[in-house]
Amino acid sequence: MLLTLTTTHQPATDLGHLLIKHPDRVQTFDVPVGTAHVFYPEADEQRCTAALLLDVDPVKLAAARGRGRKSTATPESFTLGRYVNDRPYAASSLLASALSKVYRSALRGASKERPELAARAIPLEVRVPVLRCRGGADVATRVFGPLGWAVTATAIPLDELHPQWGDSRYVDLTLTGTLRVADALNHLYVLLPVLDDAKHYWVAPDEVDKLLRAGAGWLADHPERGLIIRRYLAHRRALAGQALERLDAQRPTDEPTADDAVADAVPDGSVPRAPLAALRRDAVHAALVAAGAHRVLDLGCGGGALLATLIGDRRFTEIVGTDVSTQALTLAARRLRLDRLPERQRTRVMLRQSALTYRDEQLRGYDAAVLMEVIEHVDPPRLPALEDAVFGFARPTTVVVTTPNVEHNVRFEGLPAGALRHADHRFEWTRAEFAEWVRRVGATYGYSAVVHGVGTDDPEVGAPTQLAVFTRAEAPR
């Protein structure tokens, strides 16, 4: 079975430094079921491709199954089936296991020669010519698409000479995108066996740790995380339940950030003002009122702090809070006391599970959407997917975005130099960086925008929070 990874980053041969495999040599690795080879079919300054070829020995595979505990792969009903099957030819957990051994350092994002490149997203193309895909090609799009990949999954016919026989259960998969190499490899490590929906080894409790380690930074927010977890853990309900609980426990809801822990002080240092979290909610509320919004989305609502403010204003006739975390939505329901609200109030509010990086048809047609202290929790390579889902697909008339101003961090006592305000923040932008992002998103999706600060505007480092109000410049697409 074969997997290729190609980049056009220049110099493209830097891919060898990221994979820690020299483009001028063929390298061979022993694996329990055969031999893995890494070689480069092309390697120049403009384009470089690394190929991982796994040569499975059916005798070794059968012996490995015999020595181990019960396999989760589809059992063969006759003796010859242990030796004659599709395992040596179609990508599966066998290829994922080989990938984890051959590219161990690259999976961790480690590169002594090019550490700065290992941390950057670069243009990549992945090709898996034969992949068993239970559920059809659409499942491949559903699991890889939200991660920033453009997916081409072409069903392979049973027999090209007899098209009337229809398609086989295999696809030819191509992924293109701009991602870190480590992220790409971790996506493949988890999702190849998920699409195959079978494993060649017994799934023990330590598989939960492997899944959460490889899925760090993307699995918690994935709209198909339930399917991914079930299939990766071989449909073992107890293990899937553990994985879901641990993911929800790791996801922030409304934990205080460094700027919420202190009040916003007036310039002369006299009477402290309200906490910044409250000032942000008030600023967002005011922006929504000024926009004349009645039907509002709170995207990434967490525990429902903003929702509680909006419910108190009858101008908002429909309020929808979304979050990928079921735990966050449960907390929001408790905070809002939805089960105790009068019927008229309760019908104004809806809580829905949805991922920000996934196009959701039910989020279209609203007057306004809010991303309050949300974008900084998204990995930078996945921001384009969020932009497309919110500004390109949902396309509300108004979008309100708040995010920390990293320049102001020096004013927070107790926050170490260089530290971010929350452990889950993937970045924090300067005023110039935020302004450039606002300009680019507005130009790309047809919105005008204004930016201002929330909290005391320090003459040297600006206000602690940045707020942008986007207004759609034309009718919905």
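**Backbone, sheet and helices**

I begin with Asp197, which is located in the loop between α7 and α8 (206-214). The model is a predicted one. Phi of Asp197 is near 60°, a positive value in a residue other than glycine.

A second residue belongs with it. Arg395 is not a glycine, and its phi is positive too, near 50°. Arg395 sits in the loop between α15 (383-394) and β14 (398-404). Is Arg395 buried or exposed? At 3% relative accessibility, Arg395 is buried, since buried means under 20%.

There is one peptide bond to mention here as well. The bond from Gln10 to Pro11 is cis, with omega near 0°. Pro11 lies in the loop between β1 and α1 (15-19).

Let me now turn to the whole chain. The protein chain has 16 helices and 16 strands. Of its 477 residues, 51% are buried. Among contacts between residues at least 6 apart in sequence, 72% join residues at least 24 apart. The accessible surface comes to about 21700 Å², and carbon and sulfur atoms account for 53% of that area.

Next, please find the open sheet of seven strands. Its order is β2-β3-β4-β1-β5-β7-β6, and antiparallel pairing is found in it. Which strands stand at the edges? They are β2 (27-31) and β6 (150-157); each has a single partner strand, so one side of each is left without a neighbour in the sheet. On average, neighbouring strands of this sheet are turned by 15° against each other, direction ignored. In general, strands of a sheet pair through backbone hydrogen bonds, either parallel or antiparallel.

Asp30 stands opposite Thr35 in β3.

Helix α6 (residues 137-144) lies across β6 and β7 (167-179), and runs at about 160° to β6.

Helix α11 (residues 276-290) deserves a moment of its own. This helix has 15 residues and reaches 21 Å from its first C-alpha to its last, close to the 21 Å expected at 1.5 Å a residue. The buried residues of α11 include Leu276, Leu279, Ala283, Ala287 and Leu288. An α-helix has 3.6 residues a turn, so residues three or four places apart point the same way. After α11 comes Gly292, with a positive phi near 70°.

Further along, Arg334 is part of helix α13 (residues 326-336). Arg334 is exposed, at 61% relative accessibility. Arg334 and Gly304 are 30 residues apart in sequence, and their C-alpha atoms are 9.0 Å apart in space.

I close with the cysteines. How many disulfides are there? The count is zero, taking a disulfide as a pair of cysteine sulfur atoms within 2.5 Å. Cys48 is buried, with a relative accessible area of 0%, and Cys301 is buried as well, with 5%.

Methods: Residues numbered from 1 in each chain as written. Predicted model: local features only at pLDDT ≥ 70, side-chain atom pairs only at ≥ 80, totals over all residues. Heavy atoms only, no water. Buried < 20%, exposed > 50% of the residue type's maximum accessible area, 1.4 Å probe, protein only. Helix = DSSP H or I, 4+ residues; strand = E, 2+ residues; numbered from the N terminus. Expected span 1.5 Å × (residues − 1). Pairing = 2+ DSSP bridges. Axes fitted to C-alpha atoms, helices over the stretch in contact; angles between N-to-C directions. Contact = heavy atoms within 4.5 Å. Areas by Shrake-Rupley, 256 points an atom, 1.4 Å probe, with all protein chains shown as cover.
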